[in-house]
Structures are given as C-alpha cells and as structure tokens.
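I opened the model and took notes as I went. Confidence comes before the fold.

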Amino acid sequence: MRAEILKSVTCFVQDTTIPDTVTIDALSNVINLCEYVFQESYSYFEICTCEICGNIKIVKKCILPINEGVLNKHGFAKIVDAIKEGKVLKPKCTKCDKERSVSVSYGAQLFIESSIITTLQDIPLSIQLDEQQYTHVGCVVYHGQHSQTSVGHYTAYVRNGTNWIEYDDLLRKPKKVSVKTNCYINMCIYVET
Ligand SMILES: [Zn+2]
C-alpha cells in the first residue's frame with residue numbers, strides 16, 4: 001500500500017537504471033503523503049483581483065500556508081497570527097503592477113505543517129478565522145532522528161474529549177498519552193465546526 005502510494009508521488013526520485021524495476025525513495029514526509037491522499041481537500045483559497053485590468057489569480061492549497069517564523073518563535077499559542085500572515089500571492093498585479101484586492105478563505109479542514117517541539121496542552125483546542133470556527137482534532141508526531149541507521153517514525157495523536165490517544169502502527173493497541181507530553185509536531189489538523 002505504501003509503495004503503491006509513493007510510486008505515484010512525483011517528488012520522489014525514481015531509479016530507472018535497472019530495467020523493469022522502479023526504486024522508490026520512501027524517505028517521504030507526512031506532508032508529501034497528505035498532499036497526495038487529500039488532493040482535492042484544500043485548506044486554503046486565495047483570490048486576487050486587479051481592479052484596474054481585471055486580472056484574476058486563484059491559489060488553492062492542501063497544506064495551509066503559514067508564517068513559520070511566528071510559529072517557531074511563539075509556538076501554537078500564536079497559530080492564528082501565523083495563519084493570518086500566510087498569504088501566498090503578492091498584493092500587486094503581475095500585469096499592470098497596481099494593488100489588487102485579495103480575498104482569503106479556508107477549507108473544511110486545515111492541514112498545518114510545523115516543525116516545533118511543544119507539549120500537547122499548548123495546542124489550542126479551538127481557533128477562529130474570520131467567521132469560521134475550527135476545532136483541533138489531532139496531529140502527526142515525529143519520533144527519533146534521521147540518521148544512517150534510522151529514518152525515525154511517525155505516529156498520530158488524536159484528541160478524544162480531554163484525553164489524547166496515540167495511534168502507533170508498531171503497537172498492537174492505541175494508548176493514552178498525557179497532555180504534558182512534549183513532542184515534535186509535524187502536522188496539526190483542525191476541522192471546521
Ligand atoms: Zn492589473
């Protein structure tokens with residue numbers, strides 16, 4: 001299953017030196033997989049309209065663009081600020097160089113990439129973006145370090161009321177984790193409520 005998914009992901013280098021054999025570099029991260037599996041599930045829409053020449057540019061993203069600097073500096077407490085500063089397009093029209101109006105909206109879910117270590121309790125349960133309200137449902141956590149002998153491991157931490165449950169494919173059963181657990185959050189997921 002993993003090979004089936006990975007072989008279609010264009011960002012992986014495929015070795016074609018051996019005939020009839022496709023070697024897949026499986027050193028993917030969770031963001032590559034998310035973009036592949038949820039191709040039509042956009043977190044972010046941006047429409048830029050130039051009022052002078054009428055040039056319209058639309059951006060749709062599966063992974064929510066954020067200002068990573070804000071997140072790295074202040075942690076998830078400032079996630080809304082990081083999202084608000086994540087605009088993709090430049091405010092000037094590429095055709096006539098005049099200011100254009102930018103309209104941003106968010107999808108039914110938000111896939112947020114991060115690379116910070118934080119405790120689970122520091123991730124806000126609910127956030128508000130304009131008129132839309134989102135609830136945090138879980139995150140993908142990276143364990144270990146990428147080295148010559150290991151590429152690390154991903155597990156999923158899911159919110160269940162006030163509890164957190166860890167799903168780890170190396171364990172037979174899900175297990176409860178403390179909100180004080182410090183972890184390397186690689187992806188955070190919010191859903192609209
Ligand atoms: Zn223009």
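What is the mean pLDDT of the protein chain, and what share of its residues reach 70 or more? The mean is 87, and 87% of the residues reach 70 or more. pLDDT is the predictor's confidence in each residue, from 0 to 100.

I noted the ground rules. This is a predicted model: local features need pLDDT of at least 70, side-chain atom pairs count only at pLDDT 80 or more, and totals for chains, interfaces and linings use all residues. Residues are numbered from 1 along each chain as its sequence is written.

**Elements.** I found 4 helices and 12 strands in the protein chain. These are DSSP runs numbered from the N terminus: helices are H or I of at least four residues, strands E of at least two. Strand S1 (residues 14–15) has the lowest mean pLDDT, 58. Strand S7 (residues 126–129) has the highest, 96.

I followed S7 onward. S7 and S8 run antiparallel, joined by 4 bridges; DSSP must find at least two for strands to pair. Leu-129 has Gln-132 in S8 as its bridge partner. The two strands form a hairpin with 2 residues between them. Asp-130 in the turn has a positive phi of about 55°.

**Contacts.** I looked up the neighbours of Cys-139, skipping residues up to four places away in sequence. Cys-139 touches Ile-123, Tyr-157, Ile-185, Met-187, Cys-188 and Ile-189. Contact means C-beta atoms, placed from the backbone, within 7 Å.

Methods:
Two residues are in contact if their C-beta atoms, placed from the backbone, lie within 7 Å.
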